[in-house]
Amino acid sequence: MKIKNAFSLKKSITTILFLVITLLISQFALAATHNIALTAETLPNGQIAYALAGNEAVIPGPTLFVRKGDTVNVSLTNNTSIKIGFRVPDLARSGSGRIQPGKTKNYKIKASKTGSFVYHGDSDGKELLGLFGAIIVDKAHGPVDSYVNADGSIIPVTSADIDKQFVLFMVGSTFWGTEISGDGMQQKPLWANPNPGAVENDIIRFHILSIGPGHTFHLHAHRWLKTGTSEVIDTKLLEEKTDTHSFTVKAGTGVGTGSWQYHCHLIAHMEAGMHGSFRVDPIGGDGASEVGASPYGRILLGPKDEPGLVTFEITDEPASWFRSARGDALVGLGLGIKTKSLEVIAPGSSVNFIMSDTNAVHTISSLLWPTGAHHMPFNQTDAYRGGGILRLDTPGLYVFTCKVHPYMFGAVIVDDPETTHAEGILGLALDLGDKASDFKIDLVTGIKGLPTNSDLAIRLLRTFFVATAPDNWQDYSSGSWNVKFPDLSVVISGAPFSKELTDGGVAAPLSILDISGELLPTPIPPTEHGVGEVWINTQFEKTASKYKPGTITVVDATDWTVKRKIGLPEIDMNNPHNMWPNRDQSIIYQTQWFDNKLTMIKRKNGQLIKNIRVGYAPSHVMTLPTNDDATIAINGENSIAVIPAGTTHVTKMMPTQGRGHTSANPHGHWVSADGSRIVTPNINTGDIGIYAADGDIHARTVTGQGAPGAHPIAIGMMPDSSKIYATNLLHHSLSVLNGNTGELIKTVNLIADYDPIDGSFSDNDGNGEIAVGVLPIQTPVSPDGKAVVIAATGGQIVIVDTATDSIVKMLPCDPGCHGANFGAKQGGGYYAYVTSKFSNRLIVVDTDPNGDGNLSDAAIVGTISLVSREDTVSDDAISHLPGFGGQGVLPIPNVYNGWVQNLPENWKAGLTAAQRNPIGD
Amino acid sequence: MLFQSNRAECDTKLIKNSNTSPTITQRSLIKLGAMTFALTLTLSTFSASFAAEHIIQLTAEETQDDGFGNKLLAYKMLSHKVNGTDITSRYSAEATIPGPTIELTEGDTVKISIQNAIPGNNTPIPGISRQVSIHVHGVHYDILSDGTLKVINKNFDEGAGAGLEETYVIYEYQWNVAAGTAGTWAYHDHNFETHNGAEHKGLFGAIIVNKIGAPNFDKDYVLYLGDDAFWGMEIDGASKTQSKHGTNPTLAATKNSNVRFHLIALGTDIHTFKLDGYKWVDPGTTNLINHIAIGPLEKHVFNVIAKNSAHYEDNDFSNKLLGMRGKFLVR
């Protein structure tokens with residue numbers, strides 16, 4: 001399609017490359033008053049930015065040059081749709097707070113000290129989308145700075161000596177630049193990751209500023225003075241929140257001309273694309289800067305014919321984990337778009353990510369990309385706080401995820417303006433691959449050249465559109481399921497689901513995938529009751545008194561009612577993911593996976609005991625049966641944190657890898673029944689780690705069988721600790737390991753019975769059952785050691801017999817099937833409780849209803865709605881996504897071998913003799 | 001990415017692509033980062049009587065694995081001659097993390113070459129660099145000694161091994177340790193696997209540039225602040241012998257001796273360094289401080305009189321709990 005012509009823009013935006021800021025330069029020695037009229041605008045890509053009234057809005061905002069002692073009066077008109085303001089954290093400001101959309105307010109800033117200062121929009125993180133700029137306060141007289149000459153001498157410079165200035169704002173993992181004339185009079189936006197230019201020996205003043213997480217700024221082959229000291233440096237820390245550093249160099253002095261890289265020197269930010277070049281041309285050259293990617297450029301609806309930029313905010317919000325800055329506008333286009341996580345750009349434009357609405361660390365990692373695309377996969381070694389930016393040249397579909405939170409999805413379609421399939425209601429079709437590669441895609445797991453008309457490719461597409469749009473989730477209160485795909489056509493390798501490729505591709509409407517009015521039966525609980533309670537992390541459920549999502553839903557297993565909802569608004573509990581009880585079942589440990597907290601909750605009444613900092617993205621928690629210490633997998637980092645029993649602080653973090661080695665990023669660990677071993681699935685290093693309870697590394701077993709991206713995610717263990725079961729999310733497989741040595745015994749392919757091209761199912765592994773487990777997650781072993789239950793997010797429950805380590809049964813699950821854990825059934829036996837992210841019911845599985853030890857009769861014996869009832873006790877009002885987001889599940893009492901023996905007598909009383917001692921003596 | 005194989009004929013004595021000419025001799029695969037633009041050494045002629053010429057050869061290797069198949073990378077000193085005098089024995093004979101600390105004086109010149117002993121480094125892989133390089137901070141060098149890939153510097157893949165476009169067995173850099181470059185600076189790889197290099201996998205070291213006539217210290221300690229540990233070494237002031245390489249080393253000092261700490265951070269974390277019970281002068285100022293925030297590739301150099309044993313540590317939340325600390329043992 002032709003992006004420029006695809007939609008007509010309502011109003012063309014005048015290009016004003018140079019902003020003239022005559023008002024801002026004081027010509028007099030006396031303190032001056034500057035009256036500045038600013039507006040805040042929404043840019044074509046949804047980012048927000050300041051503009052000098054009447055001019056184009058720019059990122060960074062207009063640079064204000066004043067002298068010490070001056071007063072700056074800002075009149076700000078808010079033309080955006082959100083509440084914004086104007087703050088200069090390091091200068092005194094008087095004037096009112098934030099401004100409603102459409103209103104104007106005035107602020108007065110006193111330039112009481114020299115230096116460079118950040119001003120920003122003071123809007124709960126939204127300012128990171130572009131509402132930031134610089135105020136440069138220089139001395140009223142004399143030199144404004146000094147540079148280090150080639151011979152080491154320190155040369156003072158006055159304003160008149162400066163040939164050019166560059167503002168480089170470090171935000172997320174992106175530089176936002178402005179080129180400014182020496183006198184500050186002319187300013188030209190250089191946009192994202194530009195290449196500033198100069199001529200050798202030019203005197204160049206750099207203003208480096210930052211907002212958000214910290215950085216270090218490094219410019220190759222140049223040296224300068226650390227502000228206020230005689231220390232010569234070439235790298236400077238910019239600390240978290242806001243920070244600045246202005247310095248002056250003589251371009252190329254002592255080192256000559258060249259394309260000198262500048263970059264943030266944090267490894268994760270370097271890997272995320274945070275760099276550009278300072279071009280020093282020979283004398284006689286033009287020293288012109290190269291402009292970076294622009295929010296006005298070649299993107300869907302973009303007004304200008306220049307390299308464009310789309311921006312995704314990384315958020316803790318259900319479904320919109322990668323939220324386009326203009327997600328609401330895209331949903332509002334009337335094209336049936338339900339997701340805010342999809343963007344469309346032209347080749348050569350860029351995609352920008354900013355972790356502006358999250359409390360955790362993340363990666364920005366490629367999941368799939370068009371065959372033939374360069375610099376793929378995009379990835380970072382460690383999870384971090386920041387953002388990312390990359391240019392995409394090859395047409396096709398790019399899907400990004402976070403390795404720590406692997407259901408966070410963002411998609412970009414790079415559409416080739418030269419392919420002209422006239423399909424769909426808009427008369428356009430978007431390329432899902434590159435014509436030169438038959439519209440095929442590559443996956444991070446090593447699959448190359450997958451046709452986009454294959455069943456697997458279409459399944460992945462469907463997964464994206466369901467996961468990123470709550471309207472497409474299964475709401476069992478509504479009685480029917482509808483999945484709406486955008487009213488757009490896509491160009492794929494051939495006819496959908498066909499094994500044949502079609503030369504030049506086939507344009508197909510996405511609407512052929514729509515699901516309309518599929519019956520969702522009313523949940524019917526099991527007839528036989530369970531023991532105690534079942535605690536479920538309804539991780540996406542929203543409540544009225546807090547910003548972050550997530551509740552705990554407590555189901556009474558003795559009557560299957562939803563007895564309690566726990567939102568903990570007092571701590572803004574954020575994405576509660578997994579739980580474990582202490583020995584006497586009085587305390588529930590709760591991880592907040594998109595945060596850095598572990599929460600202790602009173603089981604009896606659901607009240608907060610303590611919110612404890614533990615490290616980024618704590619995923620799972622388990623106690624050691626020996627001493628009741630809590631062990632927490634720090635999924636965003638490189639360790640297992642320990643909170644000793646009876647205390648509320650982390651006393652140590654046990655490294656999951658050797659010093660200096662790649663962080664393992666453990667997710668869903670398990671502890672052996674005798675408490676001697678902690679077993680972690682290491683998502684970042686693709687292995688299973690076996691650690692002594694005191695942290696010694698015993699073994700690390702790679703599970704990917706030579707292919708990349710296995711992504712081991714959860715562990716189950718035999719009650720006698722003889723075997724370890726580990727699911728590999730992206731390899732759709734189950735690894736079976738020796739529980740003592742960690743030796744790999746077997747790898748069970750969970751999609752052997754599936755043909756990824758035509759989507760047919762047959763008993764390819766010859767076990768007498770047609771069974772698949774797409775994207776397997778939790779994999780507990782029953783307390784009696786007979787069955788493994790695997791919750792597969794593709795919507796299946798797979799039962800594995802531990803006697804043979806082969807699949808014996810597949811049961812249907814809901815989209816986003818995720819959590820599983822065993823609890824006691826009244827009168828003997830066990831129930832496996834299974835949760836799903838994109839539905840709002842709990843599935844109850846009995847792996848052996850007749851108790852004969854043969855698992856072939858494993859069945860779903862009931863389902864339970866996770867939506868509040870009238871008599872449900874709640875600490876906050878449910879406001880959105882009722883009962884959704886099922887992830888961690890914890891039956892109380894804890895009946896796993898090793899723990900069940902430690903239960904207080906009152907809990908033991910409700911169990912049978914076999915349940916109290918599940919594997920005998 | 002394609003590998004360039006059709007460079008101008010006049011260039012072939014210096015540049016060859018190993019996959020196109022497998023029989024070519026090693027000699028012809030050596031690339032000198034010649035200073036085509038006069039890095040006017042005359043600028044430092046005022047100190048010519050002190051200026052030394054350093055000829056240094058480094059190599060990069062894989063370390064032994066951690067017992068579970070995971071390896072780091074490390075630099076090793078092959079040879080260091082100062083005005084013809086061989087001082088190689090002051091360095092470890094093994095590859096170390098951090099790499100060798102190279103002590104220089106303002107006015108010196110350095111020719112430093114890199115070789116690559118990482119298995120498979122000569123076999124080009126499209127889109128993946130197998131090169132290692134030396135990118136140095138602080139001192140003067142021209143664009144051919146930037147130690148980066150061509151995608152950055154627009155000239156050559158400036159390292160040893162198969163780069164994205166070019167393969168060299170040896171790459172030589174020239175540094176002008178000009179006046180005004182005194183300080184402690186990092187050097188690190190910029191070319192392995194991607195244009196970001198493998199500095200976070202162990203390929204880093206330090207140069208110490210002293211001012212002419214600067215006092216000697218009884219001990220110099222180089223401490224790199226990584227994402228989960230300090231990587232350090234100790235240099236004896238008299239013998240200049242380098243020892244105690246590795247993580248969180250115990251640093252030893254004689255009571256009342258004058259010792260110097262060279263901190264450089266590296267990785268993704270931003271640290272707060274503390275040396276319990278000690279205060280020191282914040283470089284470039286007269287302020288006494290007892291802790292310092294330091295971010296990746298910043299440097300912070302200070303000296304103290306060793307009075308009492310203490311711990312040095314990082315105050316970052318996770319690193320502290322991971323045990324990122326070591327002993328400063330004063331006897």
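**Reading domains, contacts and strands in a predicted model**

The domain assignment of chain B gives domain 1 (1-213) and domain 2 (215-331).

Me: How do you know that domain 1 and domain 2 of chain B touch, and how many residues take part?
Reply: Two residues count as in contact if their C-beta atoms lie within 7 Å. By that rule the contact takes 18 residues from domain 1 of chain B and 17 residues from domain 2 of chain B.

Me: Which elements make up the side of domain 1 of chain B that touches domain 2 of chain B?
Reply: Strand S11 (183-188) and strand S12 (204-210) of chain B are the elements that give two or more residues to that side, and the largest share, four residues, comes from S11(B). By class, this side of domain 1 of chain B has nine nonpolar, seven polar and two charged residues.

Me: What makes the side of chain B that touches chain A, and how many residues does it hold?
Reply: On that side, 47 residues of chain B are in contact with 49 residues of chain A. The elements of chain B that give two or more residues to it are helix H1 (150-153), strand S21 (291-294) and helix H2 (317-321), and H2(B) gives the largest share, three residues. The residues of this side of chain B divide into 21 nonpolar, 20 polar and six charged.

Me: What can be said of chain B taken as a whole, in helices and strands?
Reply: Chain B has two helices and 24 strands. Of its 331 residues, 54% count as buried, and among contacts in chain B between residues at least 6 apart in sequence, 66% join residues at least 24 apart.

Me: How is chain A divided, and which domains does the assignment give?
Reply: For chain A the assignment gives domain 1 (22-141), domain 2 (142-287), domain 3 (309-519) and domain 4 (533-693 + 704-738 + 765-916). The C-alpha centres of domain 1 of chain A and domain 2 of chain A lie 22 Å apart, and the contact takes 23 residues from domain 1 of chain A and 21 residues from domain 2 of chain A. On the side of domain 1 of chain A that touches domain 2 of chain A, strand S8 (115-120) and strand S9 (132-138) of chain A are the elements that give two or more residues, with the largest share, five residues, coming from S8(A). By class, that side of domain 1 of chain A has 14 nonpolar, six polar and three charged residues.

Me: Why is strand S17 of chain A called largely enclosed?
Reply: A residue is called buried if 20 or more other C-beta atoms lie within 10 Å of its own. Five of the five residues of strand S17 (residues 215-219) of chain A are buried, and therefore the strand is largely enclosed by the rest of the structure.

Me: Which residues of S17(A) point one way, and which the other?
Reply: His215(A), Phe217(A) and Leu219(A) point one way from S17(A), whereas Thr216(A) and His218(A) point the other way, and all are buried. In a regular strand, side chains alternate between the two faces of the sheet.

Me: How do you know that S17(A) is paired with S20(A), and how many bridges join them?
Reply: Pairing needs at least two bridges between two strands, and four bridges join S17(A) to strand S20 (residues 235-238) of chain A, so the two strands pair, running antiparallel. In S20(A), Leu238(A) is the bridge partner of His215(A).

Me: What about S17(A) and S22(A), and how many bridges join them?
Reply: Three bridges join S17(A) to strand S22 (residues 258-264) of chain A, so this pair, which runs antiparallel, also meets the requirement of at least two. His218(A) stands opposite His263(A) in S22(A).

Note on methods:
Residues numbered from 1 in each chain as written. Chains lettered and ligands numbered in written order. Predicted model: local features only at pLDDT ≥ 70, side-chain atom pairs only at ≥ 80, totals over all residues. Buried ≥ 20, exposed ≤ 12 C-beta atoms within 10 Å, placed from the backbone. Nonpolar A, V, L, I, M, F, W, Y, C, P; charged D, E, K, R; others polar. Domains from an automatic or database assignment.
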